[in-house]
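Trainee: I have a model open and would like to learn how to read its packing. Could you walk me through it?

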Amino acid sequence: MIRKLLAWWRQRRAERLDIRESLWHEVEAGLPFLHRLTPDERSRLRQLARRFIAEKQWSGAQGLPLTPRIQLTIALQACLPILHLGLDWYAGWVGIVVYPGDFLIPRRMIDEDGVVHEFDDDVMGEAWYGGPVLISWFDHAEEADGINVVIHEFAHKLDMKSGDADGMPPLHAGMSRQRWIAVMSQAFEDFRRRVDDGEETPLDPYGAEWPAEFFAVASEAFFETPQLLADEYPEVYRQFTQFYRQDPAAAGPARP
């Protein structure tokens, strides 16, 4: 009974959100990869985005005013990976903190000699296990330097459903853990070698840092430039079609 009441209350909150149709169109037009979706998928994505906005706790950092446009832009991109998975994949945490551009996170690391290093890390986003997602907001897409910060960080959140981010999200029934590990490990090692050799790779070289980042960078490509990922790493693409339960390359190129 309590579950049903909670679900009803959440649905009511989502339905009460006043989002103008013109704003939907404006934001969707700025996310051309959404044009691959069928009308039914577009409708489902809107419903998920409504619930996502209503259920999460939003904060603007450094004086950034959180406008409906900012929230909707983030929500549509965050919900795209879970379009056929469901909002429960983002359960267990509530906070979204939006920064005006890049921001600094204090770090403290101990090297192999036991020396403590403290520094400020300049980042565009960060997902915390069990905690909030930190997102940079850019008024113009080109300011993000070709990186989809939202999809990247929310891919980390999916990865963390099975514990620490390691590139191994919880797989669906019928998917092989051994096959996933073999495919992703081989692709990661190949990508890291290419980056280390100085090759200009079509995927963000940051994916060579460690397996969790490769999963997030490959997830960006899966949704934004799916044919590129399918051409570069076809087996990774096949695993992603099973995990995300989507096949964006089959829908053809996104309309400008």
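**Reading contacts and packing**

Mentor: Happy to! Keep in mind that this is a predicted model. Let's start with one side chain: setting aside neighbours within four places in sequence, R46 is in contact with E21, W24, H25 and E28.

Trainee: Where does R46 sit?

Mentor: R46 belongs to helix 3, which covers residues 39-55.

Trainee: Does R46 count as buried or exposed?

Mentor: The cut-off for buried is under 20% relative accessible area. R46 has 17% relative accessibility, so R46 counts as buried.

Trainee: Now helices. How do I describe a packed pair?

Mentor: In general, two packed helices are described by the angle between their axes and the distance between those axes. Here, helix 6 (residues 177-196) and helix 9 (residues 234-244) pack at about 140 degrees, with axes 9 Å apart. The two helices are therefore oblique to each other, and helix 6 passes helix 9 in a left-handed crossing.

Trainee: Which residues meet there?

Mentor: From helix 6, R179, W180, V183, M184 and A187 meet E235, V236, Q239, F240 and F243 of helix 9. By class, that contact has seven nonpolar, one polar and two charged residues.

Trainee: And the nonpolar core: which residues have the most contacts inside the largest one?

Mentor: They are F52, L76, F154, L229, V236, F240 and Y244, in a core of 70 residues. Helix 7 (residues 211-224) gives the largest share of this core, eight residues.

Trainee: What does L229 touch, leaving aside neighbours within four places in sequence?

Mentor: L229 is in contact with L203, A218, A221, F222, P234, V236, Y237 and F240.

Notes
Residues numbered from 1 in each chain as written. Predicted model: local features only at pLDDT ≥ 70, side-chain atom pairs only at ≥ 80, totals over all residues. Heavy atoms only, no water. Axes fitted to C-alpha atoms, helices over the stretch in contact; angles between N-to-C directions. Helix = DSSP H or I, 4+ residues; strand = E, 2+ residues; numbered from the N terminus. Parallel < 35°, antiparallel > 145°, perpendicular 65-115°, else oblique. Left-handed = near helix turned anticlockwise from the far one by under 90°. Contact = heavy atoms within 4.5 Å. Nonpolar A, V, L, I, M, F, W, Y, C, P; charged D, E, K, R; others polar. Core = buried A, V, L, I, M, F, W, Y, C linked by side-chain atoms within 4.5 Å. Buried < 20%, exposed > 50% of the residue type's maximum accessible area, 1.4 Å probe, protein only.
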